[in-house]
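Have a look at the sequence and the fold, then read on.

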Amino acid sequence: MHLLMILTAVVVSWIFRSYWTNPQDNWDTRWQRTLLFFLFPPLLILMTAIALLFMGPQGKMGGLYTGWFSYALALTFLAIFSGLCVTRAIQGWRSLQSARHCPLVHLEGKQVRLLNTEALFAGQIGFWQPELVVSQGLLQTLSPNHVESVLAHEQGHFYYRDTFWFFWLGWVRSCTAWLPNTDALWQELLVLRELRADSYAASQVDPLVLAESLLLVVSNGSAFSQSEICCAALGDSVGDRLEQRIEALLSPPNHTPEAQFLSWHGFILALLPLVTVIFHT
């Protein structure tokens, strides 16, 4: 019976992810729909594994005996998820420590870490309280107005705590890489994150100047690469993502989009496996 629960959770998650299509709706709808399709499957699998862990390897459920195989399978799921989380946390911590080795300078009234590279780079690196890192190449290449727009964009990432929340979303991505549309959903979340930070910055600086800064950083910053774990950088755009950002800056929305979950009713079904614990004897 427990094995049937695991298979059901996996099949439902697979089918649910398969139905996702790239939305062309407004900001709020895109955030809500993408987050639902991204988070529901792993939450369902996780709740199923936790339910089996509570029920244990012995007993009966629905008139059928349970066994060690399904219990060990649930433990394996949880162990893999936990291991991936620890691995990402260590990588993020190393990135943060590397950033903190850079000299601290004052720029536009803010404390930033100065990265010794000619590549154009600016990004928040860390968790809840990230470090703002700016390269020497960016300061030497961009005008003061462009630098101001870059800092405004990065302040948007800080305001929304993007490094913290996308650490966890990135963990979910690594746990469900085997499900369909995982990478497509991840790319959609990334572009929405950058569009939101752009919109935040556009409320403080000239959107056209920010668009110019984005083009300069993307076209000249390819020589520098930074781990995406716990990092939210201005130049984190390629192909269609860059086009969407430029178009949005040239015709900005009337409000800054918020990342909101779809009504929690959409996630209640993912908690149903926990209810099955009361039927275990």
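Helix 5 and helix 8 lie roughly perpendicular to each other (a label for angles of 65 to 115 degrees; under 35 is roughly parallel, over 145 roughly antiparallel, and the rest oblique). Two packed helices are described by the angle between their axes and the distance between the axes. Here the axes of helix 5 (residues 144-159) and helix 8 (residues 207-220) come within 9 Å and cross at roughly 90°. Axes are lines fitted to C-alpha atoms, for helices over the stretch in contact, with angles running from 0 to 180 degrees between N-to-C directions.

So who meets whom? On the helix 5 side there are Asn 145, His 146, Ser 149, Val 150 and His 153, and they meet Val 209, Leu 210, Glu 212 and Ser 213 of helix 8. Contact here means heavy atoms within 4.5 Å. Sorted by type, the residues of this contact come to three nonpolar, five polar and one charged. Nonpolar covers Ala, Val, Leu, Ile, Met, Phe, Trp, Tyr, Cys and Pro, charged covers Asp, Glu, Lys and Arg, and the others, Gly among them, are polar.

Residues are numbered from 1 along each chain as its sequence is written, and side-chain values use heavy atoms, with hydrogens and water left out.

The mean pLDDT (the predictor's confidence in each residue, from 0 to 100) is 82, and 80% of residues reach 70 or more. Helix 6 has the highest confidence, at 93, and strand 2 (residues 64-65) the lowest, at a mean of 50. Where pLDDT is low, the predicted coordinates should not be read in detail.

The protein has 11 helices and seven strands; these are DSSP runs numbered from the N terminus (helices H or I, at least four residues; strands E, at least two).

Buried means under 20% relative accessible area, exposed over 50%, and partly exposed in between (1.4 Å probe, protein chains only).

| Residue | Relative accessibility | Class |
|---|---|---|
| Thr 176 | 1% | buried |
| Arg 161 | 18% | buried |
| Asn 181 | 27% | partly exposed |

Thr 176 sits in the loop between helix 6 (162-175) and helix 7 (182-202), and touches Arg 17, Pro 42 and Thr 182, leaving aside residues up to four places away in sequence. Asn 181 lies in the loop between helix 6 and helix 7.
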